[in-house]
Amino acid sequence: MFEYALAALLQAQASGLPMHRIANIFKPLATPAESEYHIAVFVLAITGAIFVVVGALIISTLIRFRRRSDDNSHQEPPQVYGSNQIEVAWTVIPILIVFVLIGVSARVIAGVENASPPASTLHITLIGHQWWWEVEYPDFKLITANEIHVPASPDGKTATYLNLQSMDVIHSFWVPQLSGKTDLIPNRTNYTWIDPREPGIYLGNCAEYCGTQHANMLLRVIAHKPDDFEKWAAEQQKPAEDDPQLSEARAAFESLACVNCHAVRGTAAVGKVGPDLTHLMSRQTIGAGVLTNTPEHLRAWVNDPQQAKPGCMMPSMKLTSPQLDQVVSYLESLK
Ligand code: CUA
């Protein structure tokens with residue numbers, strides 16, 4: 001794990017973007033996250049005050065009414081039936097507190113949901129799969145996986161709107177510094193939006209138990225300066241690299257069952273079950289964040305994904321060593 005974190009840090013530095021390594025709801029860096037941060041602090045303050053008052057009453061009662069050493073009677077204390085005023089007070093006050101909390105929460109939720117989009121918006125369709133994220137950019141006609149590239153919005157004039165869908169079970173999108181959780185539900189489209197204030201890499205994860213590898217359904221939002229985002233999108237729109245020196249390796253890849261699940265634009269590989277691999281090497285991680293995208297990890301992953309991510313849908317293809325060499329060298333060319 002340490003090795004992973006360190007490698008991820010080094011890679012983030014290589015990409016020139018700061019890495020927000022601890023996903024912290026108390027350090028919001030986007031509008032929805034900030035609204036939710038304020039309500040979290042408000043609720044914590046109220047519940048904290050209740051905790052202190054109730055705790056203090058219990059402790060003072062325990063001390064004041066403890067058994068004294070000179071008290072030898074084994075009788076029950078006198079049983080008094082209460083006071084209407086006190087009972088009304090301790091019923092009405094909590095009800096009022098609950099209504100205040102409901103009202104404030106509803107206002108923040110409505111405020112985030114009904115916020116009018118700024119002039120410049122990017123639309124993304126995010127589709128949850130067991131156990132990875134498909135990321136579609138309909139305006140750019142490109143598809144990637146697990147790493148959501150967006151423009152940063154230092155002036156609040158750009159936002160990214162996410163249509164959230166699921167292919168199988170319920171997942172939940174959560175990037176704590178950017179927004180609260182929103183579920184991805186089969187046969188339904190949910191919406192959320194983010195406007196990262198600073199360029200950088202924001203870590204998130206699936207926040208709804210969705211099966212064996214739920215914990216390894218990680219995602220990262222990579223917020224670029226607007227120009228850099230355009231550059232990234234232009235690179236991703238290009239068809240896959242076609243190095244003539246690798247035509248044999250490519251033919252080997254195309255002859256294997258890989259193509260039933262994976263797509264590489266401009267080749268015979270048009271599978272839709274697993275992540276699109278057209279620009280695989282532009283990603284920082286493989287297996288939805290379970291490994292950093294290094295040649296050794298890629299080779300180990302293709303050889304047997306079940307080692308790194310037991311239960312994942314990609315089987316070990318039991319490739320021979322020469323086949324593995326060819327597939328990996330082809331994949332490494334997909335810059
Ligand atoms: Cu997807 Cu948990």
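How much volume does the largest pocket have? The answer is about 660 Å³. Keep in mind while reading that this is a predicted model.

## Layout of the chain

Let's start with the overall division. The chain is split into domain 1 (31–66 + 82–113), domain 2 (120–237) and domain 3 (244–331). Between the centres of domain 1 and domain 2 there are 34 Å, taken over C-alpha atoms. Where these two domains meet, six residues of domain 1 are in contact with eight residues of domain 2.

## The largest pocket

The lining is made of 33 residues, and nearest the centre of the pocket lie His 262, Gly 274, Pro 275, Trp 301 and Met 314.

Of the lining of the largest pocket, H7 provides the largest share, with three residues.

Helix H7 is also the place of Glu 296. Is Glu 296 buried or exposed? Its relative accessibility is 57%, above the 50% cut-off, so Glu 296 counts as exposed. Glu 296 and Val 328 are 32 residues apart in sequence, and in space the distance from C-alpha to C-alpha is 9.6 Å.

## The second largest pocket

The second largest pocket holds about 520 Å³ of space. Lining this pocket are 22 residues, and Glu 36, Val 112, Gly 180, Lys 181 and Thr 182 are the closest to its centre. Helix H2 (31–64), helix H3 (84–114), strand E8 (179–184) and strand E9 each give two or more residues to the lining of the second largest pocket.

Which element gives the largest share of the lining of the second largest pocket? That is H2, with six residues. By class, the lining of this second pocket is made up of 14 nonpolar, five polar and three charged residues. At least three residues of it come from each of domain 1 (31–66 + 82–113) and domain 2 (120–237).

## Strand E9 and its partner

Strand E9, which contributes to the lining of the second largest pocket, spans residues 190–194. Four of the five residues of E9 are buried, so the strand is mostly covered. Strand E6 (residues 158–166) pairs with E9 in the antiparallel sense, over five bridges. Within this pairing, Thr 160 stands opposite Ile 194 in E9.

## An enclosed space

Besides the pockets, how many cavities of 30 Å³ or more does the structure hold? There is one, and the largest cavity has a volume of about 80 Å³. Its lining consists of Trp 132, Glu 134, Ile 143, Thr 144, Ala 263, Gly 271, Lys 272, Gly 274, Pro 275 and Asp 276. Strand E3 (132–137) and strand E4 (142–145) are the elements that give two or more residues to the lining of this cavity.

Sorted by class, the cavity lining has four nonpolar, three polar and three charged residues. Domain 2 (120–237) and domain 3 (244–331) both give residues to the lining of the largest cavity, so the cavity lies between them.

## Backbone details worth a look

Most residues other than glycine have a negative phi, and most peptide bonds are trans. A few places in this model depart from that pattern. The peptide bond from Gln 130 to Trp 131 is cis, with omega near -5°. Trp 131 has its place in the loop between strand E2 (120–129) and E3.

Asn 187, found in the loop between E8 and E9, has a positive phi near 60°. With a relative accessible area of 84%, Asn 187 is exposed. Lys 318 also has a positive phi, of about 55°, although it is not a glycine. The loop between helix H8 (305–308) and H9 is the place of Lys 318, and this residue is exposed, with a relative accessible area of 67%.

Definitions and conventions: Residues numbered from 1 in each chain as written. Predicted model: local features only at pLDDT ≥ 70, side-chain atom pairs only at ≥ 80, totals over all residues. Heavy atoms only, no water. Buried < 20%, exposed > 50% of the residue type's maximum accessible area, 1.4 Å probe, protein only. Pairing = 2+ DSSP bridges. 1 Å grid on protein atoms, 1.4 Å probe; cavity = no way out; pocket = protein on both sides within 12 Å on 5 of 7 lines; lining within 4 Å. Points joined across faces, edges and corners; volume = space filled by probe spheres on them. Nonpolar A, V, L, I, M, F, W, Y, C, P; charged D, E, K, R; others polar. Domains from an automatic or database assignment. Contact = heavy atoms within 4.5 Å.
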